[in-house]
Number of protein chains: 2
Amino acid sequence: MNEGIAAPLGFRFGVSEAGIKYCNRKDVGLIVSNTPASCAAVFTRNAFTAAPVVVSREKLHQAAGIVSGVVVNSGCANAATGDEGMANANRMAAIAEETTASGGPFLVCSTGTIGVQLPMEKLEAAIPAAASNLQVSSEAFIGFADAILTTDTVRKTASRTFEVDGKKVSIAGCAKGSGMMQPNMATMLAYVITDAAVEPLFLQQIFSRLIDKTINCVTVDGDTSTNDTAIIMANGASGVQVAADTPELHPFETALEEVLTELSRKLARDGEGATHLVEITVAGAPTFAEARKAALSVGNSPLVKTAIYGKDANWGRIACALGYSGVEFDANKVDIRIRDLELMASGTPIVFDEDRALEILSEEEIKIFVDLKAGTKTATVWTCDLTEKYIEINGSYRT
Amino acid sequence: MNEGIAAPLGFRFGVSEAGIKYCNRKDVGLIVSNTPASCAAVFTRNAFTAAPVVVSREKLHQAAGIVSGVVVNSGCANAATGDEGMANANRMAAIAEETTASGGPFLVCSTGTIGVQLPMEKLEAAIPAAASNLQVSSEAFIGFADAILTTDTVRKTASRTFEVDGKKVSIAGCAKGSGMMQPNMATMLAYVITDAAVEPLFLQQIFSRLIDKTINCVTVDGDTSTNDTAIIMANGASGVQVAADTPELHPFETALEEVLTELSRKLARDGEGATHLVEITVAGAPTFAEARKAALSVGNSPLVKTAIYGKDANWGRIACALGYSGVEFDANKVDIRIRDLELMASGTPIVFDEDRALEILSEEEIKIFVDLKAGTKTATVWTCDLTEKYIEINGSYRT
């Protein structure tokens with residue numbers, strides 16, 4: 001049961017059960033590269049940055065983008081935890097560095113409840129336990145993908161391989177997150193590993209640009225969390241070098257974008273309480289940023305999200321959300337359709353077949369297309385519908 | 001049963017039943033001033049501006065701020081209705097002008113479903129019917145307040161009086177709106193009438209400033225609608241003139257702000273599916289706009305709103321929403337409390353009494369205080385909690 005995941009060469013994975021918040025499941029995970037790996041990361045921009053984010057950013061900087069692995073816990077976010085939280089985040093990394101003896105620094109991530117200190121006595125035992133059982137298999141990677149989950153209902157993994165001159169390169173990724181999701185890295189953790197060799201700075205450029213088009217286009221509820229982190233490690237174990245102006249660059253970027261897109265779609269589909277994956281594409285914007293802004297305005301509208309839940313082709317709410325997005329366009333030119341069903345053309349409502357609308361909205365995946373006719377740029381964002389279940393989950397999370 | 005409403009002198013009110021969407025209730029309302037009145041208004045900034053907003057803005061401008069009244073229908077928003085919608089909005093005003101024979105122009109408002117044409121044959125009969133039964137009483141004003149409601153569960157009215165040199169001035173207001181609410185005039189209609197005499201330009205200055213501190217600080221779900229309109233009419237029937245540097249100005253502004261604040265609180269409390277009124281005050285911001293931005297970020301967070309629904313003093317979600325508000329502050333200085341219960345001091349969580357927290361969160365009105373310690377400005381916003389009922393209402397509105 002490896003879900004077709006092709007684990008890149010030269011990485012090992014370990015998990016253990018610290019019992020931080022959840023019972024009878026793994027809540028600590030390690031990814032270890034056999035050799036120091038190039039690393040790039042994108043972190044939350046929330047002003048209340050969690051301790052592990054502060055620590056990881058600093059360690060990545062100090063190590064000039066070369067690390068040995070990551071250590072992650074779920075169940076406690078180690079956010080808004082003051083000096084004690086900073087010491088604990090540093091200690092988590094130190095335990096991982098010591099017990100894996102892999103020579104390089106570890107980045108550290110936490111996800112879960114905000115404002116509670118980590119139970120360090122549990123982690124002092126659990127991180128070494130994970131380190132003592134590191135495995136190379138795809139199944140072990142999946143075990144890691146499971147250990148980072150919180151309110152997620154399904155694991156999120158994706159992988160791609162490509163070959164250049166007979167040499168195979170693998171990219172595998174996993175992610176967690178289902179609430180408090182919004183661009184700029186919500187309560188979202190994503191890890192991508194590859195056996196390609198990529199210089200750290202170049203890797204950061206590629207990763208930042210692709211995250212902007214993928215993970216940063218996912219929204220569940222507009223909340224950007226204190227802990228969001230996406231990390232990529234490239235250890236070169238495939239023997240294939242990816243650099244600017246090489247034939248390897250294009251297939252590498254394509255494969256990486258596909259992995260990140262698949263993770264993004266899985267994150268949106270598993271939005272808390274979701275019954276639909278909603279893909280919103282806004283074309284005809286002056287810039288990518290404005291296209292995304294308009295698409296996110298639609299994707300974050302509770303009225304659009306509840307209409308989709310109610311299988312209601314309520315294009316008025318879509319138009320309304322475009323209208324208050326802050327993006328400038330001429331309302332008399334806008335086209336809106338859901339899949340192939342035209343709802344508005346040049347700002348005028350189209351009389352549509354309600355049966356066909358119900359049919360389309362009964363599908364699990366809803367595709368909304370908007371043409372603003374105010375430029376040439378396009379963005380796609382992914383979200384989900386808003387249901388009673390979201391309220392139930394979040395009305396009783398902490399207590 | 002006039003709810004203690006003191007109806008200002010020189011206004012008449014009429015309602016009728018057009019049967020646009022609702023059955024067995026009034027859905028058309030008129031306010032008519034006996035003499036042409038100074039008028040000021042604040043309209044939605046949504047790019048998909050509804051026809052009645054376009055028409056009212058234009059009529060107010062052409063009339064240099066002197067009008068005879070307003071005509072309103074509920075059940076159909078006349079938004080995204082193209083040229084036919086514009087003609088219909090103009091026609092609604094014309095019917096009101098003709099049948100009331102009051103000499104001046106009428107502004108026009110519509111609220112309800114977007115993208116559906118008004119049933120003009122019904123309005124051709126219903127507006128004259130309302131005009132044929134104009135009454136002066138407070139009860140008639142309340143009848144108007146009822147006719148403008150849509151998904152609201154309660155009417156929203158407020159009034160104040162003050163005396164200057166033995167002359168009494170009355171201000172009365174009513175509003176509707178319970179979903180699609182957000183600053184910059186959500187699906188919100190508000191009408192204020194006063195028998196003070198105020199020059200149109202001066203009235204607009206006062207009204208715009210006070211709306212910014214009141215109605216534009218209400219949010220239910222972050223959606224700003226296509227139709228939002230707040231209108232004030234001042235007909236001078238009290239014989240009291242309000243102008244700059246007069247002793248009447250201060251009591252007038254105070255009374256008007258109180259009326260608008262009361263309406264704002266009632267709008268938030270009746271947010272779709274709400275079980276709590278939530279008042280969020282952010283102090284210590286560099287500017288009022290930034291204080292409001294931070295407060296709205298908290299007020300729009302689905303996670304904060306569901307936590308309040310669940311009676312959970314989850315200050316982590318409040319901190320998180322402040323953190324992604326885009327307002328700059330030092331996270332290590334922030335204080336957060338709910339009523340008198342300290343949750344965070346100088347960025348550090350406080351261990352609090354959970355029983356006391358549950359007690360406070362069981363009250364109908366929740367007051368959240370934040371001090372950013374990044375300036376001297378304060379803003380208060382009003383919102384409500386997010387419940388399953390909101391989903392139920394909006395998941396099945398149109399169909």
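Which residue forms a salt bridge with B:Glu364? In this predicted model, select B:Glu364 together with B:Arg269: the two form a salt bridge whose closest N and O atoms are 2.4 Å apart. B:Glu364 sits in the loop between α10 (354-361) and β15 (365-371) of chain B, whereas B:Arg269 belongs to helix α6 (residues 249-269), so the pair ties together parts 95 residues apart in sequence. B:Glu364 is partly exposed, with a relative accessible area of 49%, and B:Arg269 is partly exposed at 27%.

Next, select A:Arg269 and A:Glu364. A salt bridge joins them, with the closest N and O atoms 2.4 Å apart. This pair links helix α6 of chain A to the loop between α10 and β15 of chain A. A:Arg269 is partly exposed at 25% relative accessibility, as is A:Glu364 at 47%.

Remain in chain A and select A:Lys373 with A:Asp335, whose side chains meet in a salt bridge (3.0 Å, N to O). A:Lys373 lies in the loop between β15 and β16 (377-384) and A:Asp335 in strand β12 (residues 335-338), 38 residues apart. A:Lys373 is partly exposed, its relative accessible area being 34%.

Then display A:Arg160, A:Glu258, A:Glu262 and A:Lys266, which are linked in a network of salt bridges. Over all chains, the structure holds 44 salt bridges.

Finally, view both chains together. The same surface serves both copies, as 100% of the contact residues of chain A recur in chain B.

Conventions:
Residues numbered from 1 in each chain as written. Chains lettered and ligands numbered in written order. Predicted model: local features only at pLDDT ≥ 70, side-chain atom pairs only at ≥ 80, totals over all residues. Heavy atoms only, no water. Contact = heavy atoms within 4.5 Å. Salt bridge = Lys/Arg side-chain N within 4 Å of Asp/Glu carboxyl O. Helix = DSSP H or I, 4+ residues; strand = E, 2+ residues; numbered from the N terminus. Buried < 20%, exposed > 50% of the residue type's maximum accessible area, 1.4 Å probe, protein only.
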